[in-house]
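Subject: Structure handover

Hello,

Here is the structure you were waiting for. My notes follow below it.

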Amino acid sequence: MTHRQVLEALSGLLLVLFVAMISGTIVSVALPQIIGALEGSQSQYTWVVTASLLASTASTPVWGKLADLFDKKLLLQISIVIFMVSSLACGLAQNTGQLIAFRAVQGLGMGALQILAQVVIAAMISPKERGRYNGYLGAVMAVATVGGPLLGGLIADTSWLGWRWCFFIAVPFTVAAFALLAKTLHLPAVRRADVSIDYWGATLIAAGVSVLLIWVTFVGNSFEWLSWQTAVMAGGGAALLAAATWVESKVREPVVPLHVLRRATPALAILASLAVGMAMFGGSVFLGQYFQIGRGYGPTTAGLLTIPMMLGVLLSSTISGRMVSASGRTKPYILIGLVVLLAGFSGLATIDHRTAIPLISAYMLAVGVGVGMSMQNLVLVVQNTVPLREIGAASGAITFFRSLGGTVGVSVLGAVLAGRVATGITEGLAEAGVPVRGASAAGGSLNIAALPEPVRTIVRAAYGDATGHIFLISAGIAAVGLVAAAFLRPARLRDSLDLPAQAGEAAGTAGEAGEAAGRKVTAS
């Protein structure tokens, strides 16, 4: 494909990727209205978000592996249709049970589009040139992640639209992207006679991840950390993943190639991606909640206040992508990005319900710059170490672990936030002389404006003060990512789409031989 053909196809990929990514965050500020209109409960409130994240995370490596076995363009078109139909169904849902089920199907499409877009780009462009294009990709993903709450707030505040358009808005864009890609995307069709799909591995991975995420969602609320439910769910999830690891080591075409994960560079890049996943999801979810509940701003204003983070990601991902393509090096930009990310989270860990908004904006800008400089470059590091035939599985693995980190992070940070808020409300009510038995009701209310003024002030202060504690945890995780990135081996990005024949063979084997082949290729 020529440069013009690449740009034409890339426009369709970026469009559908933007819609897929924004569908995960656009409901965050509109969710109180959605649950209220459908007469749902607090647990259903959580699962409207969790269902899509769960399905997206669990299915990501499966889609990545399918991209190595079948026609990438056809798979992309199928995933667009799945996402489009499920988005329409979500907008037509009549109760929360239907909405949760449709969101799970929508999550399958979201996971497919996020990984297939990266796989298709990898099949069109060499790793060295890919840095420039990945800057656009990272910017779109980041703007969608942070801009979703802003768009959702605008839709929720517009009387002639309503919350259902948070889902309907995806349909015309997916139709346009499907038509654009059908016309502009030209990839050689894959025809493999020896196709072997690892159904057992895919099933065990999906089941193990699902059980663990369900446990993380409910532990601390529905049951205690030390309980028989924890033993059954955590132990069962770990056992399922252990069985999946054994299966992946035996089958001919594993969903997650263990020989890729055994190498130092992909393993370290995946560990660093967990921190970036935490930043992407946790930042947008909990900052939006902080501005609305902790500071009393409306949905639209809360979305506008997250613009510094969106701006930081947009500029840093675009600029660093071009610099990576020019230099052929990724590690310096990843390290700088994670240092800035750590500084941003450390600043956010100090905020409370009285912190000046300009100061919070500076911290959010730092988090955005950190995410933008590291997110796509970590994917690029992994893609540079594997042959073209394993691009899908390798990209799927790092995207899977990044999404897993974000999903688990949101659940864990949410549990910590709920505990701190409950404690803050109880202490605040006791100091004000209000019966403490009202604390749980006040903390669980989705309509803060309906609370009496003294209680409303106490609840807002509790949310505002508790938010800093969860970002202290995020700072600790970012520090782990920084340490992992520091041990990445410096390497130049290759100019070719695929590894040379000998290196490609070596990269397909496990252990030290694969790592040595990667060193030889990147050094040349």
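Buried here means under 20% relative accessible area, exposed means over 50%, and partly exposed is in between (1.4 Å probe, protein chains only). The model is predicted, so local features need pLDDT of at least 70 and side-chain atom pairs count only at pLDDT 80 or more, while totals for chains, interfaces and linings use all residues. Residues are numbered from 1 along each chain as its sequence is written, and side-chain values use heavy atoms, leaving out hydrogens and water.

Aromatic pairs
Searching the whole structure gives four aromatic pairs (rings of Phe, Tyr and Trp, the last by its six-membered ring, with centres within 6.5 Å; planes under 30 degrees apart are stacked, over 60 edge-to-face, the rest tilted). One of them joins tryptophan 163 and phenylalanine 167, which are edge-to-face because their planes stand at 90°, with 6.4 Å between centres. Tryptophan 163 is buried at 10% relative accessibility, and phenylalanine 167 is buried at 2%. Phenylalanine 345 and phenylalanine 471 form a stacked pair, with centres 6.0 Å apart and 25° between the planes. Phenylalanine 345 is in helix H15 (residues 331-348) and phenylalanine 471 in helix H19 (residues 453-486), so this pair ties together parts 126 residues apart in sequence. Helices are DSSP runs of H or I, at least four residues, numbered from the N terminus.

Leucine 213
Leucine 213 belongs to helix H9 (residues 199-218) and is buried, at 2% relative accessibility. Beyond its neighbours within four places in sequence, leucine 213 has contacts (heavy atoms within 4.5 Å) with Leu54, Leu404, Thr407 and Val408.

Regards

How values were computed:
Helix = DSSP H or I, 4+ residues; strand = E, 2+ residues; numbered from the N terminus.
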